[in-house]
Amino acid sequence: MPDDDADRFTAIYDGCRQRVWAYVVSRAGRQVADEVVNETFTVAWRRLDDVPEPPLPWLLVVARNILRDSIRAEARRASFAAEVMSWAQPAEADIAEEVSERSALLKALATLPEDDRELLILAAWQGLTPAQAAVVVGCSPLTLRVRLHRARRRLELAASACPPAEEAAPAHRVSTRARIAVGKEAR
Amino acid sequence: MNNDVLHRLTAARPAHLDPDPPTPSPVRDEELTAVMTLPRTTRKGRAVVRPRRLYHPLLPGLALVTATAVVAVVVSDTAPHKPGPSPSAALGSGSQVLLAAAAHVERQPAGSGTYWYVQETFADRHKVPGKNYSIDVRGERRWWTALAENKRWSQLLGLGARPATRADEAAWKADGSPRSWDLRNVTGTIVTHAGQGEIEHDAPGGRADTGMMGDLPLRLLPTLPTDDKALRTRLFALADKDHNGPKWTLDRIVVQSAVLLATTLPSTPALRAAAYRLLAAEPGVRSLGNIKDHTGRTGYAVALPSPYDPNLQLRLIFAKPTGMPLGTEMVSTRSGDGRSKGGLLSYTTFTMKWTNQAPPFTIDTPDPGPAGTSDR
């Protein structure tokens, strides 16, 4: 194997692996993420000549197809439901008011149709431009802008319908903290 | 800092989904080794190779164990794909051009009116599959900002596609001047010469008033410092409050905000000049000399590493002699995927003015609702 290829692949991996992982987790939870990420980079290695610059949108398309083709929708939903439970937990440094607003927003995100949620995640968490997000979901940049606009509205609506959560019971918090710790290790 | 739901969502991202920290090294070593020992596929043989199926997609734990058995939590500010230092780090011609433009633009009249009106044409350039020419898929955005009321109206139109350059136009004519192009393998759609016309409009008071990504809240504009160093400090503090990213990510957001202040936001002449000076201090700013924008207006341009993507270059075009912005270009800095190094990927041109003429609509385009919006 030419060293150039190995170098290029390693650079792509270092630049994008955690992004692909975060995308898959936000679509289908941690339970399936490592395997889907592994498959994605296997495809990227085999088809290295086809991987464009920047590689991220291309990799996300591959990961998206693997998710769609290899994991049944109901299994994906179950895994995602488990993932969402961990999102509602506060980060260490957050103050109470921010925690409740943040968890209400994440809860609202979880109630949206999967297509809406994906667009919002690509824009807000992956930082893709509208043109890049359009490549990932397979529509024109113009259509993407319209769909993202609607998804934002629906998130606003859902967030205003999900009042901030009540403070969780202490015992519950301890157990979920433990689960988050496990989850962090799993990355 | 920003009430936009997309910004709030960015800020709410669970910490473990932050894509910036590097992959923990045991995972990295194992995955790279496992993948790179597999045979490569040549272009010729690719069609027969299919991804392996996932055999145990949902056995919790099992799939994880191999790749990630014992991994300490590693959080680091080291950026795995931070853009490299610029080859010409010294204060170069580009910085001087921006400083000169700042001196011109701050002498422009402040203007007055109820609405700051911006009309922006944007285009994404695509090579037509199977053909020897490229087309620009064009759209137009118009927005009206009532700064005092903290309100914004916007309108989006599809303007259709056109051959990109004169050479592309000749090739298009030789191809029989088709009026539609199949870009389903590129953007997922078929684009037409005529375009869609109005796609949507958005009035204040709807649930989510449309703004640009990386936007600044209107109410903050009058409070921003007009000294460039103070502006940078303030924009950094705002980005830090709004995003959970490492410093180099926040630095890029600062540049994104500065680009918007320099271009289409209703900045005062002094604030616009401060944004120019902030950008002049960015490493890697180069002068491109005199150029014409995509509506044929004469101006001059500078290029800087894109704050959106390290593989892209952002070009800012300014008018002579006012120093006001005319448009932007996004250019590839690497070749691959049918792109050539230096190839144009997209552009915008804009005209802006204060006006008392109200927007031509007062309510949003009706939302067709959740069903049927997917076009996959």
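How many bridges join strand E10 (residues 325-332) of chain B to strand E11 (residues 344-355) of chain B? In this predicted model, the two strands run antiparallel and are joined by five bridges. Within this pairing, Thr328(B) stands opposite Thr348(B) in E11(B).

Nine strands of chain B make up an open sheet with antiparallel pairing, and their order is E6-E3-E2-E1-E11-E10-E9-E8-E7. At the edges lie strand E6 (197-202) and strand E7 (286-292) of chain B, each of which pairs on one side only. From one strand to the next, the twist averages 20 degrees. Chain A also meets this sheet: helix H8 (residues 141-161) of chain A packs on it and touches strand E1 (115-127), strand E2 (134-146), strand E3 (151-163) and E6 of chain B. The direction of this chain A helix makes about 25 degrees with that of E6(B).

Chain B has a helix H8 of its own, covering residues 269-280. H8(B) is mostly covered, with eleven of its twelve residues buried. Among them are Pro269(B), Leu271(B), Tyr276(B) and Leu279(B), as well as the arginines Arg272(B) and Arg277(B).

Chain A averages a pLDDT of 76, and 78% of its residues score at least 70. Over residues 165-187 of chain A, however, the pLDDT is below 50, although this stretch has 23 contacts in the model beyond near neighbours in sequence. Where pLDDT is low, the predicted coordinates should not be read in detail.

Technical notes:
Residues are numbered from 1 along each chain as its sequence is written. Chains are lettered from A and ligands numbered from 1 in the order in which they are written. This is a predicted model: local features need pLDDT of at least 70, side-chain atom pairs count only at pLDDT 80 or more; totals for chains, interfaces and linings use all residues. pLDDT is the predictor's confidence in each residue, from 0 to 100. Two residues are in contact if their C-beta atoms, placed from the backbone, lie within 7 Å. Helices (H or I, at least four residues) and strands (E, at least two) are DSSP runs, numbered from the N terminus. The expected span of a helix is 1.5 Å times one less than its number of residues. A residue is buried if 20 or more other C-beta atoms lie within 10 Å of its own, exposed if 12 or fewer, and partly exposed in between; C-beta atoms are placed from the backbone. Two strands pair if DSSP finds at least two bridges between them. Axes are lines fitted to C-alpha atoms, for helices over the stretch in contact, and angles run from 0 to 180 degrees between N-to-C directions.
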